Amino acid sequence: MKINIGISDKNRQAVALELNKLLADEHVLYNKTRNYHWSVEGPSFMEFHKLYEAQYTDLAETIDQIAERIRTIGHFAEGRLKEIIQLATLDEPEAPVDQKSQIANLSSDHETLIQRLRKMITQFDEEFKDAGSADFVTGLLKQHEKMAWMLRSYTR
Ligand SMILES: [Fe+2]
């Protein structure tokens, strides 16, 4: 059955593309956080080991929600690793083992996504007339802001 939810085909396609690019970067951040969960060393090993696990678990749920939002507006989510790598923009430097470098790297990625999500809210609502996706990415913005706060709190 053809989708008929009051958003033009062109706009749905544009939103789906932006969401697929976001999905790819969420994969990178998920993987990086999980990698740090494995590689972290230092006096607060268990603290960071657990923090990273909590965050990558949340990011796994975020990934699922984004993919399902893409399906909701009538498109397919990009699920192949080689396509994900091509679409992703976040940097993947060699994994540091010290907590300070890890926190700096993850915080920077969250901030990059927060800034991008903030632009997507307006773009989805005003340019592509997709209030549902604008609301959806607003929720993601708040999640990333909270994760960034938790990471930043270790840096004083
Ligand atoms: Fe584990």
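Arginine 12 lies in helix α1 of this predicted model. Its relative accessible area is 7%, so arginine 12 counts as buried. The side chain of arginine 12 makes a polar contact with the side chain of aspartate 9 at 2.7 Å. Leaving out residues up to four places away in sequence, arginine 12 touches Ile3, Ile5, Ile7, Ile73, Gly74 and His75.

The largest nonpolar core has 41 residues, of which Leu19, Leu22, Tyr52, Ile66, Phe124 and Val137 touch the most other members. Two or more residues each come from α1, α2, α4 and α5. Helix α1 gives the largest share of this core, ten residues. Nonpolar side chains tend to be buried together in soluble globular proteins.

Leucine 22 contacts Ile66, Leu113, Arg116, Leu117, Met120 and Leu140, with neighbours within four places in sequence set aside.

| Element | Residues |
|---|---|
| α1 | 9-39 |
| α2 | 45-72 |
| α4 | 99-127 |
| α5 | 131-152 |

The axes of α2 and α5 come within 12 Å and cross at roughly 170°. The two helices are therefore roughly antiparallel. On the α2 side the contact is made by Leu51, Tyr52, Gln55, Asp58, Leu59, Thr62, Gln65, Ile66 and Arg69. Helix α5 contributes Gly132, Ser133, Phe136, Leu140, Gln143, His144, Met147, Met150 and Leu151. By type, the residues of this contact are nine nonpolar, seven polar and two charged.

Methods:
Residues numbered from 1 in each chain as written. Predicted model: local features only at pLDDT ≥ 70, side-chain atom pairs only at ≥ 80, totals over all residues. Heavy atoms only, no water. Core = buried A, V, L, I, M, F, W, Y, C linked by side-chain atoms within 4.5 Å. Buried < 20%, exposed > 50% of the residue type's maximum accessible area, 1.4 Å probe, protein only. Helix = DSSP H or I, 4+ residues; strand = E, 2+ residues; numbered from the N terminus. Contact = heavy atoms within 4.5 Å. Polar contact = N/O pair within 3.5 Å; in protein donor to acceptor, adjacent residues only side chain to side chain. Axes fitted to C-alpha atoms, helices over the stretch in contact; angles between N-to-C directions. Parallel < 35°, antiparallel > 145°, perpendicular 65-115°, else oblique. Nonpolar A, V, L, I, M, F, W, Y, C, P; charged D, E, K, R; others polar.
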